[in-house]
Amino acid sequence: MKLKLDQMTPRQIVQELDKYIIGQDKAKKAVAIALRNRTRRQKLAEDLREEIYPKNIIMIGSTGVGKTEIARRLSKLAGAPFIKVEATKYTEVGYVGRDVESMVRDLMAAGVAMVKAELQESLAEEARLRTEEILLDLLLPGTPSAETREKFREKLLAGEFDDKKVEIQVSGKSGGPAIEVMSGSNLEELDMNLSGALGNIFGQRKKKRTVSIKQAREVLFAEELDKLVDMEQVVDLARDRVQNMGIIFIDEIDKIASRSTEGRGGADVSREGVQRDILPIVEGSKVTTKWGAVDTSHVLFIAAGAFHMSKPSDLIPELQGRFPIRVELEDLTREDFQRILTQPKNSLLLQYKELLSTEGVDVQFTDEGVARLAEIAFEVNSRTENIGARRLHTVLELLLEELSFTAPEIPGQTVVITAPYVEERLGTIVHDEDLARFIL
Ligand SMILES: Nc1ncnc2c1ncn2[C@@H]1O[C@H](COP(=O)(O)OP(=O)(O)OP(=O)(O)O)[C@@H](O)[C@H]1O
Ligand SMILES: [Mg+2]
């Protein structure tokens with residue numbers, strides 16, 4: 001079984017990240033330690049526990065070196081509610097009231113969904129049994145003998161009634177188009193207050209429908225599962241988990257750091273405004289959600305940015321202080337590129353190989369071919385613009401364009417991508433800087 005995040009040691013967390021991200025050991029370690037510290041904190045006496053605040057992290061590194069990728073992989077580790085937001089989202093013109101608190105509401109929503117799914121899994125068998133009884137009631141109206149009922153049960157389980165039609169009551173979905181139209185920006189709060197009331201008016205209406213036993217089973221199972229799950233318990237557990245294990249990843253934080261102190265334009269003011277809005281959340285405050293107040297004091301914040309145009313010291317001092325841990329991600333080398341192509345689980349090369357295998361074409365990459373590809377990506381990066389590992393995508397796409405196009409016409413063939421093959425397709429482009437700039 002998959003380990004839960006709160007049981008994983010720093011080494012295990014790093015090992016998990018290693019499966020997908022090449023290098024960047026410092027960043028992986030920092031993240032792993034921060035996560036473990038929260039588990040440690042949980043084990044302390046309450047008075048001390050309240051004193052220990054998370055050590056938030058800023059990841060600094062050029063574009064395309066794995067910052068967001070680390071976050072993406074963290075989110076897959078089980079058991080910790082996680083969301084990723086882009087800091088720039090809050091500077092957008094028209095974004096109602098720069099609603100930074102929405103990040104906490106979203107985190108809580110993630111926590112509720114996570115806990116609900118876990119509880120549902122543990123209750124699935126119970127719900128299945130209940131569904132079975134209801135289906136038997138539908139198939140055998142009146143009061144049949146116990147014997148008959150058991151016979152029907154056997155047949156039901158064997159799927160013999162699957163196509164038989166029955167009539168069931170289904171509850172109409174609450175909400176409806178009228179509410180959809182309004183939602184979108186900052187109407188979540190409105191929704192928070194209204195959903196309960198509207199739910200009562202529209203939600204409980206039951207409709208009769210004739211369906212097959214097979215469909216009935218699905219509908220009834222979902223309904224029974226819903227009834228079994230105690231939402232109050234879900235919310236309590238979720239709040240607890242969000243407050244103590246929640247992670248908010250704030251991407252592109254460098255974009256809200258303003259550089260100059262003099263002659264600032266509107267954009268700078270707006271950026272600084274966002275920092276000021278974010279500050280209380282990072283410092284710890286209670287945010288109202290539709291599941292009640294959520295305290296952010298012990299939520300872990302991980303921020304990331306390229307910081308090409310600005311530095312972490314361009315952030316407002318209070319915010320800097322709340323992100324005491326800085327880790328730098330390294331620029332990727334030619335060797336890194338070579339490894340990124342081949343080593344990660346579901347690596348790029350594997351993806352292309354699998355895609356083309358659906359056409360019956362077997363693509364193989366020789367070591368020399370891969371090495372040449374990595375070299376080309378690296379060269380183009382250093383001669384035009386360094387976009388990190390993203391360059392691998394553009395290079396590969398161009399390399400395999402022709403093959404991708406013709407693959408359906410050559411099923412059964414094996415295509416070996418050798419160094420000369422790579423050279424033939426990409427050589428001229430790489431050596432012409434202008435061409436490279438436009439095509440790769
Ligand atoms: N170290 C790495 N190991 C494996 N894959 C990587 C690595 N770095 C980048 N990639 C791949 O390159 C792509 C871009 O990486 P990512 O989104 O993490 O960039 P980033 O550091 O967040 O850049 P930006 O500052 O532009 O947001 C992703 O598809 C990712 O899988
Ligand atoms: Mg990114």
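1. Basis. The model is predicted: local features need pLDDT of at least 70, side-chain atom pairs count only at pLDDT 80 or more, and totals for chains, interfaces and linings use all residues. Residues are numbered from 1 along each chain as its sequence is written, while chains are lettered from A and ligands numbered from 1 in the order in which they are written.

2. Ligand 1. The shell holds 18 residues, with Thr-63, Gly-66, Thr-68, Glu-69 and Ala-389 the closest. A residue is near if its C-beta atom, placed from the backbone, lies within 6 Å of the molecule. Helix 4 (residues 67-76) gives the most to this shell, 3 residues. Helices are DSSP runs (H or I, at least four residues), numbered from the N terminus.

3. Shell make-up. Around ligand 1 there are 7 nonpolar, 8 polar and 3 charged residues. Ala, Val, Leu, Ile, Met, Phe, Trp, Tyr, Cys and Pro count as nonpolar, Asp, Glu, Lys and Arg as charged, and the others, Gly among them, as polar. Domain 1 (5-109 + 236-328) and domain 3 (334-427) each supply at least three residues to the shell. The domain bounds come from an automatic or database domain assignment.

4. Helices 15 and 17. Helix 15 (residues 367-383) packs on helix 17 (residues 419-431) at about 15 degrees, axes 9 Å apart. Axes are lines fitted to C-alpha atoms over the stretch in contact, and angles run from 0 to 180 degrees between N-to-C directions. The two helices are therefore roughly parallel. Angles under 35 degrees count as roughly parallel, over 145 as roughly antiparallel, 65 to 115 as roughly perpendicular and the rest as oblique.

5. Helices 5 and 10. Helix 5 (residues 102-139) meets helix 10 (residues 231-245) at about 125 degrees, with axes 8 Å apart. That makes the pair oblique. Among the contact residues are Leu-107, Met-108 and Val-112 of helix 5, and Val-234, Leu-237 and Arg-241 of helix 10. Contact means C-beta atoms, placed from the backbone, within 7 Å. The residues here divide into 10 nonpolar, 1 polar and 2 charged.

6. Helices 16 and 17. Helix 16 (residues 390-406) and helix 17 pack at about 105 degrees, axes 10 Å apart. They are therefore roughly perpendicular. Val-395, Leu-398 and Leu-399 of helix 16 meet Val-422, Arg-425 and Leu-426 of helix 17. This contact has 5 nonpolar, no polar and 1 charged residues.

Technical notes:
Two residues are in contact if their C-beta atoms, placed from the backbone, lie within 7 Å.
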